[in-house]
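Please examine the sequence and the structure shown here before reading the report. The text then describes selected parts of the model in turn.

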Amino acid sequence: MPDVLVRVRDLKVYYPLFRGFVQRLLGGGARFVRAVDGISFEVQRGEVFGLVGESGCGKSTAGRSLMGLTPIEEGEIVLEFPSASAKPQFIRPRELKMACVAWWAVSAAYLATAIYYGVSGSALFPFGLVATVPGPYVDALGIVGSVQVLLGLALWLLRPWSRRPARLVAGIGAAIAFASLPWGLLLFGVEVGILVYLGTPDPSGLVRRQGLLLPATKFTLTKDGILEGIPRAEQQTWFERWFIGPRTVRTAGFSWVLKQLRGKVQIVYQDPHAALNPALTVGELLRHALQAHAPIAPGGTRASSRLEEVNAKALKLLDDVGLRPPDQFFAKQSTDMSGGQKQRVVIARALAPKPLLLVADEPVAMLDMSIRAKVLELLLDLKEKYGLTYVFITHDLATAKLVCDRIAIMYLGRLVEAGEARRIYADPKHPYTRALLQAIPIPDPSRRTKKELPKGEVPDAVFPPAGCRFHPRCPVALPTCGWEGRDFLDYLEERWIDPSNSDEEAALGPIEDWKSEDLGASRSVRKGDPEVIVARVQAALKEAPKPLAEAVDRVALELDRVVVSFRPPARLEPKEVEGRIVECLLY
């Protein structure tokens, strides 16, 4: 069995902005919210891995990406599960049977034409046409008919049945049929229909495209979808993509590969009130999940489809999550239950497919303090009972300390520190991690110390800071952390809050006159003395925080503008520091 269930490599998830009709039509305005911007981590089998950070840092987006619920911009997610013990099931799609019968019927016309020619000396063509044709053409029709029958048989007996090999067989048949007109015109149309059928996603494709259902154990999620076991390094040619089909299955829709992924990875949402349909009873909610992920028996019917068996499994799930007696909750609606009971129903529904990985997206954030500990204890008990692996998402470091084996601290789409929970809590290395730990309330007044909390607000994820993204709020920032022109403007705006600096504000002009451009800030000096403005800027920088002041490369006049330029930031890479990964220039 693999020890690593999840490998996330350079994951990026962006949400586009300004997606109106005119902009889609004409282009332009390509701005994105960089929710997740290049993170990498691994989740070991059987552990509780925590993603911790402030609201808006991208932790929930990262969790949703593990299920394919959020499209990936760059990078990949590899999920490798233990080998399934279930035997493969063979299901031949009903529509494929009908297509093969039509294929053989038209192929039989090839052979009938050849036989009719041998008897009467003329060929019978479609639409009642009878013409005298050369004997070699009719002989070729007989050969083509025989080949088409064999190709139809190959498509019928194809194991494992898959969309891509089936398209290949049908494509070869279509090419041969096109070369043997006019009878080939009918067969060409049939086979083109089969190609379109095998290549077009459809909600009913969940059943009809299956054939030999081999239990999947490895999934690779990329920008194009779920990779079907082909190495990503191999580039697919346009002909192969058009003729055989893409190597990936789109996550927006239904497919057998996606169905297996949903069965192995489930999610517990933060808000149990929004996660449950108020029009359905608890029993109906659980029955839907159990029936949707029930194994499919030969013949296309779902196993364990009897209502009594499904109800028995639903009652057992309710009992496992602590809703006892389960009979009393089975017929209730979610509106008749408390918040804690609703969250237990959400957990029970997530357990219905018997997943191996459970993404817990702040499962106790919406609950009262009195029942949080009970729900966390329930999650730990279910982990042992069902052999689960958790990706636990939270903004509360105190909760993460209680349940997580390893944690990763996220800030503005990046991982700033990751490692064993006990080491990070005992000796945090990144300044942001220290700030989060200091924000935990301490009930004992005698143990309270001075807290150095981050200043300001979380920056805009559309335009994240250069270099280290925490540097504008960091109490121990360095001159090489990535200071920019907008940092200088923020400093001026904060400085001018003090009424004693009103003369300086009048000399340098309002903030609206300044323009920030990457590593510099500038303003026009057409109004005012340029030398005075330069002197005022230099005087203000002398009183600025030391890292900001030392990061300035020069203050100069360029044509009719005063320009404040900053040095480029140092290269920021994750480093291993005392048994954990830290992304900080202090190490």
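The following report moves from the whole chain to a pair of helices, and then to individual residues.

## The chain as a whole

The model described here is predicted. Its chain has 587 residues, of which 47% count as buried. The secondary structure comprises 22 helices and 22 strands. Among contacts between residues at least 6 apart in sequence, 68% join residues at least 24 apart.

## Helices H19 and H21

Two packed helices are described by the angle between their axes and the distance between the axes. For helix H19 (residues 485-495) and helix H21 (residues 530-542), the axes come within 11 Å and cross at roughly 85°. H19 is therefore roughly perpendicular to H21, because angles of 65 to 115 degrees are classed in this way. On the side of H19, the contact is made by Phe 488, Tyr 491, Leu 492 and Arg 495. On the side of H21, Val 537, Ala 540 and Leu 541 take part.

The buried residues of H19 are Gly 485, Asp 487, Phe 488, Leu 489, Tyr 491, Leu 492 and Arg 495. They pack against H21, and also against helix H20 (502-508), helix H22 (546-551), strand E17 (514-517), strand E18 (520-524) and strand E20.

## Charged residues that are buried

Is Lys 59 buried or exposed? Lys 59 has a relative accessibility of 4%, so it counts as buried. This lysine lies in helix H2, which spans residues 59-65. Its contacts, leaving aside neighbours within four places in sequence, include Leu 51, Val 52, Gly 53 and Glu 54. Further along the chain, Lys 59 is in contact with residues including Glu 362, Ile 393, Thr 394, His 395 and Met 410. The C-alpha atoms of Lys 59 and Ala 35 are separated by 8.5 Å, although these residues are 24 places apart along the chain.

Glu 583 lies in the segment after strand E22 (580-582). Its relative accessible area is 5%, and Glu 583 is therefore buried. With which residue does the side chain of Glu 583 make a polar contact? The partner is the side chain of Arg 414, at 2.3 Å. When neighbours within four places in sequence are left aside, Glu 583 is also in contact with Leu 415, Val 416, His 430, Leu 572, Glu 573 and Pro 574.

## A serine in helix H2

Ser 65 belongs to helix H2. The relative accessible area of Ser 65 is 0%, so this serine is buried. Not counting residues up to four places away in sequence, Ser 65 touches Leu 11, Val 13, Thr 70, Ile 77 and Leu 221.

## Cysteines

How many disulfides does a search of the whole structure find? The search finds 0. Cys 481 illustrates this result: the nearest cysteine sulfur belongs to Cys 468 and is 5.6 Å away, and Cys 481 is in no disulfide. A disulfide requires two cysteine sulfur atoms within 2.5 Å. Cys 481 is buried, because its relative accessibility is 8%. Cys 404 also counts as buried, with a relative accessibility of 8%.

## Backbone features in loops

In the loop between helix H12 (307-320) and helix H13 (326-330) lies Pro 325. The peptide bond leading from Arg 324 to Pro 325 is cis, with omega near -10°.

Lys 354 has a positive phi and is a residue other than glycine. Leu 559 likewise has a positive phi although it is not a glycine.

| Residue | Phi | Loop | Relative accessibility |
|---|---|---|---|
| Leu 559 | about 60° | between strand E19 (552-558) and strand E20 (561-566) | 87% |

Methods. Residues numbered from 1 in each chain as written. Predicted model: local features only at pLDDT ≥ 70, side-chain atom pairs only at ≥ 80, totals over all residues. Heavy atoms only, no water. Helix = DSSP H or I, 4+ residues; strand = E, 2+ residues; numbered from the N terminus. Buried < 20%, exposed > 50% of the residue type's maximum accessible area, 1.4 Å probe, protein only. Contact = heavy atoms within 4.5 Å. Axes fitted to C-alpha atoms, helices over the stretch in contact; angles between N-to-C directions. Parallel < 35°, antiparallel > 145°, perpendicular 65-115°, else oblique. Polar contact = N/O pair within 3.5 Å; in protein donor to acceptor, adjacent residues only side chain to side chain.
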